[in-house]
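These are my notebook entries on one structure.

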Amino acid sequence: MRLKCIKLAGFKSFVDPTTVTFPSNLCAVVGPNGCGKSNIIDAVRWVMGESSAKNLRGEAMTDVIFNGSGSRKPVGQASIELVFDNSDGTIRGEFAGYNEISVKRKVTRESQNFYYLNGNKCRRRDITDIFLGTGLGPRSYAIIEQGMISRLIEAKPEELRIYVEEAAGISKYKERRRDTENR
Ligand code: ATP
Ligand code: MG
């Protein structure tokens with residue numbers, strides 16, 4: 001599975017609709033300080049269901065919406081769409097047959113969140129569900145940020161176990177078991 005492109009609109013510094021494409025397995029995003037490189041990573045985290053504003057370097061969840069600049073007024077909503085190449089069949093289940101999977105999240109100033117899978121409205125849960133065990137999603141190890149290595153080294157055994165379970169692909173089954181037990 002590979003991230004093919006990210007479509008941003010009204011998200012942080014990306015006020016106008018912008019598409020960032022990743023044409024090969026190895027891509028680099030370069031640019032001067034403050035140009036929005038880290039905002040692109042925040043965008044990925046956010047769509048995958050990040051629910052902590054702090055992890056997105058903000059104070060409130062609506063801080064991801066473009067809040068104006070010297071020449072532009074703030075906007076009312078932010079949206080991000082991630083398009084994944086699933087031709088290797090990493091995503092199974094109901095989306096197994098899709099070569100391309102699109103995941104989208106939108107938020108309004110009123111803090112209303114909307115999620116979409118291949119264009120159809122869904123719950124946040126549906127998104128985290130299909131990405132469980134792929135290394136993306138909350139507790140993802142697909143994104144290695146500053147300080148994460150030392151956090152892993154210093155992690156308590158219970159915390160470390162969560163990462164190991166995700167890497168081993170069993171977190172999905174544990175989550176389903178928990179679900180069934182709670183029903
Ligand atoms: P560095 O090289 O220093 O790490 P960077 O390219 O990673 O920089 P980012 O942190 O992605 O830069 O982008 C920071 C910019 O995004 C700042 O100019 C900040 O004002 C802008 N920004 C962040 N949130 C918003 C927002 N809600 N509305 C408008 N601009 C925003
Ligand atoms: Mg940065």
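**Helices and sheet**

I began with α1, which lies across β1 (2-9), β2, β3 and β4 and runs at about 85 degrees to β3. I then turned to helix α2, residues 124-131, which packs on the sheet and touches β4, β5 (113-117) and β6. The direction of α2 makes about 45 degrees with that of β5. I note that the model is predicted.

Next I asked in what order the strands of the sheet are arranged. I read an open sheet of 6 strands in the order β2-β1-β3-β4-β5-β6, with antiparallel pairing. The edges are taken by β2 and β6 (120-122); each has a single partner strand, so one side of each is left without a neighbour in the sheet. On average, neighbouring strands of this sheet are turned by 20 degrees against each other, direction ignored.

I looked at one pair in detail. Between β3 and β4 I found 9 bridges in the antiparallel sense. For A78, the bridge partner in β4 is V107.

**Ligand surroundings**

I then listed what surrounds ligand 1. The shell holds 14 residues, and the closest are S13, N33, K37, S38 and N39. Sorted by class, the shell around ligand 1 has 3 nonpolar, 8 polar and 3 charged residues.

The entry lists P32, N33, G34, C35, G36, K37, S38 and N39.

**Individual residues**

I checked two of the annotated positions. G34 is found in the loop between β2 (18-21) and α1 (37-47). Is G34 buried or exposed? I record G34 as exposed, because 9 other C-beta atoms lie within 10 Å and the limit for this class is 12 or fewer.

K37 is found in helix α1. I count 13 other C-beta atoms within 10 Å of K37, so this residue is partly exposed. Leaving aside residues up to four places away in sequence, K37 touches V29 and G31.

I also examined G89, which lies in the loop between β3 (77-85) and β4 (100-108). G89 is exposed, with 12 other C-beta atoms within 10 Å. Finally, I took the separation between the C-alpha atoms of G89 and G49, which is 22 Å; these residues are 40 residues apart along the chain.

How values were computed
Residues numbered from 1 in each chain as written. Chains lettered and ligands numbered in written order. Predicted model: local features only at pLDDT ≥ 70, side-chain atom pairs only at ≥ 80, totals over all residues. Near = placed C-beta within 6 Å. Nonpolar A, V, L, I, M, F, W, Y, C, P; charged D, E, K, R; others polar. UniProt positions renumbered as here; feature names shortened; annotations may be inferred. Helix = DSSP H or I, 4+ residues; strand = E, 2+ residues; numbered from the N terminus. Buried ≥ 20, exposed ≤ 12 C-beta atoms within 10 Å, placed from the backbone. Contact = placed C-beta atoms within 7 Å. Pairing = 2+ DSSP bridges. Axes fitted to C-alpha atoms, helices over the stretch in contact; angles between N-to-C directions.
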